Amino acid sequence: MKKIFAYDFDGVVSLGIRPRFSDDIIITGRCQEESPYVFEKLSEMGISCTVMFNQMTLAERGDHTVQARTYSGLHKAKTIKELKEQGIEVVRFFEDDPIQKAIIEENHPDLDVVH
């Protein structure tokens, strides 16, 4: 089992908390249609690692609502589970949003979630 750290983008990587290694990943609640902005910011920061986007559209997810934050947390929890099924264990996740942090912790009680 490969062990990695994972990071939220907004409020974590966007504020300067950088992935340790290129094998670490960013799991963002942002939708695929927001990827140009994310990749532009990562390029400016010199970060090149895998980014996993929410598969909902922005219209479906909404923006900055409790429901949107809940969808993002569920996306992150599901992605962590799917990675584990592929032999990639997220051992630490950096998350700034308390709603999303709670969802990740509820679904992955053994995961170290850093707020």
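1. Cys31 has a relative accessibility of 0% and therefore counts as buried, a term that here means under 20% relative accessible area, with exposed meaning over 50% and partly exposed in between (1.4 Å probe, protein chains only). Cys49, at 14% relative accessibility, also counts as buried.

2. Please keep in mind that this is a predicted model, in which local features need pLDDT of at least 70 and side-chain atom pairs count only at pLDDT 80 or more, while totals for chains, interfaces and linings use all residues. Residues are numbered from 1 along each chain as its sequence is written, and side-chain values use heavy atoms, with hydrogens and water left out.

3. How many disulfides are there? With a disulfide taken as a pair of cysteine sulfur atoms within 2.5 Å, the count comes to zero. Cys31 takes part in no disulfide, since its nearest cysteine sulfur, that of Cys49, lies 19 Å away. Cys49 is likewise in no disulfide, and the nearest cysteine sulfur to Cys49 is that of Cys31.

4. The protein contains four helices and five strands, which follow one another along the sequence as β-β-α-β-α-α-β-α-β. The radius of gyration, taken over C-alpha atoms, is 13 Å, close to the 13 Å that the globule rule (2.2 Å times the number of residues to the power 0.38) gives for 115 residues, so the protein is as compact as a globular protein of that length. Helices (H or I, at least four residues) and strands (E, at least two) are DSSP runs, numbered from the N terminus.

5. The C-alpha trace spans about 35 × 30 × 25 Å along its principal axes, and 42% of the 115 residues count as buried. Where contact means heavy atoms within 4.5 Å, 55% of the contacts between residues at least 6 apart in sequence join residues at least 24 apart.

6. His108 is located in the loop between α4 (98-107) and β5 (112-114), and at 17% relative accessibility His108 counts as buried. Leaving aside residues up to four places away in sequence, His108 touches Ala77, Ile80 and Lys81. Between His108 and Val90, which are 18 residues apart in sequence, the C-alpha to C-alpha distance is 9.9 Å.

7. The accessible surface, from the Shrake-Rupley method with a 1.4 Å probe, comes to about 6300 Å², and 52% of this surface belongs to carbon and sulfur atoms.
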